[in-house]
Every structure is written in C-alpha cells, then in structure tokens.
Amino acid sequence: MTRKLRTPIALIFAACVVQASTSGAPAQQYPTAPIRLIVTFAAGGSSDVLARSVAKAMSEGLGQTIVVENRAGAGGNIGAMAAARADADGYTALFGTNGTLAIGPALYKSLQYDPVHDLAPVGMLHQLPNVLIVHPSVPATSLRELIAYARSNPGKLSFASAGVGSASHLAGELLKAAADIDILHVPYKGGGAAMPDLLAGRVSMMIETIPNALPAVRSGMLRALGVTTPARSSAAPDLPTLAEAGLPGFEVSSWTGLFVPAGTPRAIIERLNAETIRIARDPAYIEQIKTMGTEVTSSTPEALGAFMVKDIANWTVAVQRSGARVE
C-alpha cells in the first residue's frame with residue numbers, strides 16, 4: 001500500500017533526526033562484512049561516478065569493501081525504495097540525490113516509500129553545479145540564440161533527462177517555463193544512458209551535472225551554453241550562469257548525501273558519518289572530486305535532515321511553477 005508523505009515540517013524534521021541505538025554491542029564491531037551502496041541511476045552517469053569514488057574512499061577507512069549496486073528507474077525511486085525496505089543493519093546504504101529525495105516528493109503524486117520517514121540521513125557528500133549542453137547541430141552558441149531558435153521552431157528541439165522525475169527532467173521543465181519555449185522531453189535511465197544519444201544528435205540538449213558533461217564539452221563534441229548555479233563554477237569559470245545569459249533568477253543545483261534505512265542503530269550511523277567527514281578532509285579525495293567539477297562537503301546527520309526538509313520545500317515551489325507532475 002502506498003504511504004502518504006508526511007508534509008508538516010515538524011513531522012518531517014522529527015523523522016530526520018536519527019534515534020539512538022539500543023544495541024550497542026553489534027555496532028561496536030561494525031562493519032564485519034561488505035556494504036552495499038545503492039545508486040539510483042544507471043552506470044556511467046555522474047551519480048554512478050561519484051558514488052564509486054565515495055565507495056572506494058570509505059572502504060579504506062572502514063576496512064570493508066563497499067559494493068556499488070545500480071538500481072535505475074522511475075527517477076531514482078526504484079533504488080531508493082529498495083534501500084528504504086532493506087534491513088536496518090548498516091549493510092545497505094543509499095547514495096541519495098536531490099533529484100530523488102527532494103524533488104521526488106514534490107513531483108510524484110504518490111510514492112511507495114517515504115523518503116524522509118523511511119530513510120535516515122548519514123551525512124552530506126557533494127554539491128554539483130549543472131550545465132546546459134547542446135549538440136553542435138543546434139544553431140545556437142548562446143542561451144539567447146537557443147531561446148530565439150526554439151521560439152521560431154516550436155517542438156523541433158528536444159531535451160534529454162536521466163528519467164522522469166529526475167533533476168535533469170525538472171531542470172528542463174523549468175527552462176521551458178522560464179524561457180517560454182516548446183521543447184520535447186526524452187527520458188532515459190540515467191545520465192550515462194542519455195549521453196550517447198545526445199552525442200549522436202538524436203536529442204538536442206540536456207541540463208546535466210558538470211562531471212558528466214565537461215569531458216564531451218572539452219573535446220568539442222558538445223557545446224556548453226551556461227551553468228545553472230547562482231555563481232559561475234570553478235570547474236568552468238568562462239561559462240556564464242543562465243541568469244547572466246538571459247534568464248534572470250534561474251537556478252538549479254544538485255547535491256548528494258549518504259542515507260541508510262530508518263531504524264539503523266545510531267552507533268552505526270555515527271561510524272558511517274565519521275567516514276564521510278574523514279574523506280571530506282582528505283586532500284587527495286578533494287582533488288579527485290574537484291577534477292570532476294564537484295565540490296566536496298560534509299555534515300552531521302541532523303544537518304542533512306534539516307537541509308533536506310528545506311530543499312523539499314524549495315523544489316515543491318519549483319514543481320508547482322513548472323507544472324510538471326508524475327502520477
């Protein structure tokens with residue numbers, strides 16, 4: 001039976017605060033076996049690349065292998081639901097994204113899990129700027145030219161996304177609404193699955209995270225028109241923001257965080273959180289992630305829970321304005 005989301009902020013915040021464990025002995029020995037890290041999108045996309053970097057870095061500190069498992073589909077909800085329904089023993093974790101956990105509650109009419117009540121936050125991992133990329137066949141070298149062409153050719157252009165309900169889908173819907181253009185949405189099972197068709201020109205454009213987009217832009221296979229964050233990205237400082245380029249106030253950004261099933265012992269959550277903080281202070285890891293155009297960050301479990309509450313509220317407004325909705 002579908003669970004209804006608990007919308008009052010007080011209830012959401014209370015659910016995000018992880019309760020203390022009453023079973024300290026097993027947690028003290030944790031981990032004694034490999035840990036499964038569920039990624040909610042297909043292999044090859046930015047989420048998958050970042051998750052594998054996290055898995056490798058945290059494995060070294062935990063002394064156990066973290067195995068990445070890709071569970072793509074339904075805007076990330078298939079993988080998130082699998083994580084939410086897993087045993088709360090610390091051996092299943094979720095590489096959570098704002099697309100699934102913050103946008104999903106606003107975008108989907110109903111979910112078969114509650115991303116706040118059924119998952120416990122561990123800590124923030126990354127902040128990712130997004131970039132608008134187009135195939136070179138699109139006759140536009142700037143955002144203004146793209147908007148002008150789209151308005152003159154309604155329905156001719158298309159935009160790819162990592163799936164219905166994903167951050168890239170909603171970002172495209174927000175772009176359509178903000179620019180008042182008619183472009184066709186083409187969903188894929190992850191950013192990695194969308195990229196080949198974009199490179200081949202079978203779709204016209206995509207708003208994608210910088211880690212997944214920059215290699216093709218640098219090689220000249222795709223053209224970048226601007227980043228979606230309020231400020232320019234250090235990974236591509238020459239690219240204007242979309243607000244600078246012709247859409248004042250336009251902003252879309254992404255984040256990732258680590259989550260476990262609700263009910264996971266507090267001591268295990270604290271152990272995992274300590275590892276997220278450790279890798280966030282590791283210069284080698286920071287430099288590796290920076291080369292992918294991503295910022296490393298960290299937080300307490302409670303801070304991530306409170307942040308997600310605010311992000312859900314922000315994306316709810318964005319979804320309402322865009323008119324996007326998924327049954």
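Helices in this tour are DSSP runs of H or I with at least four residues, numbered from the N terminus. The model is predicted.

**Stop 1: a pair inside one helix**

Select helix α7, residues 167–179, and show the side chains of Glu-173 and Lys-176. These two form a salt bridge, with 3.7 Å between the closest N and O atoms. Because Glu-173 and Lys-176 are three residues apart in α7, about one helical turn separates them. An α-helix has 3.6 residues a turn, so residues three or four places apart point the same way. Is Glu-173 buried or exposed? Glu-173 counts as buried, at 14% relative accessibility; the cut-off for buried is under 20%.

**Stop 2: salt bridges between distant parts**

Go next to Arg-232 and Glu-244, a salt bridge whose closest N and O atoms are 3.1 Å apart. This pair links distant parts of the chain: Arg-232 sits in the loop between β8 (223–227) and α10 (242–245), while Glu-244 is in helix α10, 12 residues apart. Arg-232 is partly exposed at 42% relative accessibility, and Glu-244 is partly exposed at 45%.

Now select Glu-302 and Arg-266, whose side chains meet in a salt bridge at 2.8 Å, N to O. Here the link runs between helix α13 (residues 301–322), which holds Glu-302, and helix α11 (residues 266–280), which holds Arg-266; the two residues are 36 apart in the chain. Glu-302 is partly exposed, with a relative accessible area of 25%, whereas Arg-266 counts as buried at 16%.

**Stop 3: aromatic pairs**

How many aromatic pairs does the structure hold? There are two. For one of them, select Tyr-30 and Tyr-91, which are edge-to-face, with 5.3 Å centre to centre and 65° between the planes. Tyr-30 lies in the loop between α2 (24–29) and β1 (35–39), and Tyr-91 in the loop between α4 (77–84) and β3 (92–97), so the pair ties together parts that are 61 residues apart in sequence. Tyr-30 counts as buried, at 6% relative accessibility.

Trp-255 and Phe-307 also form an edge-to-face pair, at 5.7 Å centre to centre and 80° between the planes. Trp-255 is in strand β9 (residues 253–261) and Phe-307 in helix α13, 52 residues apart, and the pair links these distant parts of the chain. Trp-255 is buried, with a relative accessible area of 3%; Phe-307 is partly exposed, with 31%.

**Stop 4: backbone geometry**

Return to Tyr-30 and show the backbone. A cis peptide bond joins Tyr-30 and Pro-31, with omega about -5°. Pro-31 lies in the loop between α2 and β1.

Then select Ala-74, in the loop between β2 (66–70) and α4. Its phi is near 55°, a positive value in a residue other than glycine. Ala-74 is partly exposed, with a relative accessible area of 42%. Asp-180, in the loop between α7 and β6 (184–187), has a phi near 55°, again positive in a residue other than glycine. Asp-180 is exposed, with a relative accessible area of 61%. Most residues other than glycine have a negative phi, and most peptide bonds are trans.

**Stop 5: a covered helix**

Select α4. Seven of its eight residues are buried, so the helix is mostly covered. The buried residues are Asn-77, Gly-79, Ala-80, Met-81, Ala-82, Ala-83 and Ala-84. What covers the buried residues of α4? Among the covering elements are β1, β3, α5 (98–107), β4 and β9.

**Stop 6: the largest pocket**

Finish at the largest pocket, with a volume of about 680 Å³. Of the 31 residues that line it, Pro-230, Glu-251, Val-252, Ser-253 and Trp-315 lie nearest its centre, and selecting them will bring the view there. Which elements give two or more residues to the lining? They are β4 (119–134), α7, β9 and α13. The most comes from α13, with nine residues. By type, the lining of the largest pocket divides into 14 nonpolar, 11 polar and six charged residues.

How values were computed
Residues are numbered from 1 along each chain as its sequence is written. This is a predicted model: local features need pLDDT of at least 70, side-chain atom pairs count only at pLDDT 80 or more; totals for chains, interfaces and linings use all residues. Side-chain values use heavy atoms; hydrogens and water are left out. A salt bridge is a side-chain nitrogen of Lys or Arg within 4 Å of a carboxyl oxygen of Asp or Glu. Buried means under 20% relative accessible area, exposed over 50%, partly exposed in between (1.4 Å probe, protein chains only). Rings of Phe, Tyr and Trp (its six-membered ring) pair if their centres lie within 6.5 Å; planes under 30 degrees apart count as stacked, over 60 as edge-to-face and the rest as tilted. On a 1 Å grid over the protein atoms alone, a cavity is a set of points where a 1.4 Å probe fits but cannot get out, and a pocket is an open set with protein on both sides within 12 Å along at least five of seven lines; lining residues have an atom within 4 Å of a point. Grid points are joined across faces, edges and corners, and a volume is the space filled by probe spheres set on the points. Ala, Val, Leu, Ile, Met, Phe, Trp, Tyr, Cys and Pro count as nonpolar, Asp, Glu, Lys and Arg as charged, and the others, Gly among them, as polar. Contact means heavy atoms within 4.5 Å.
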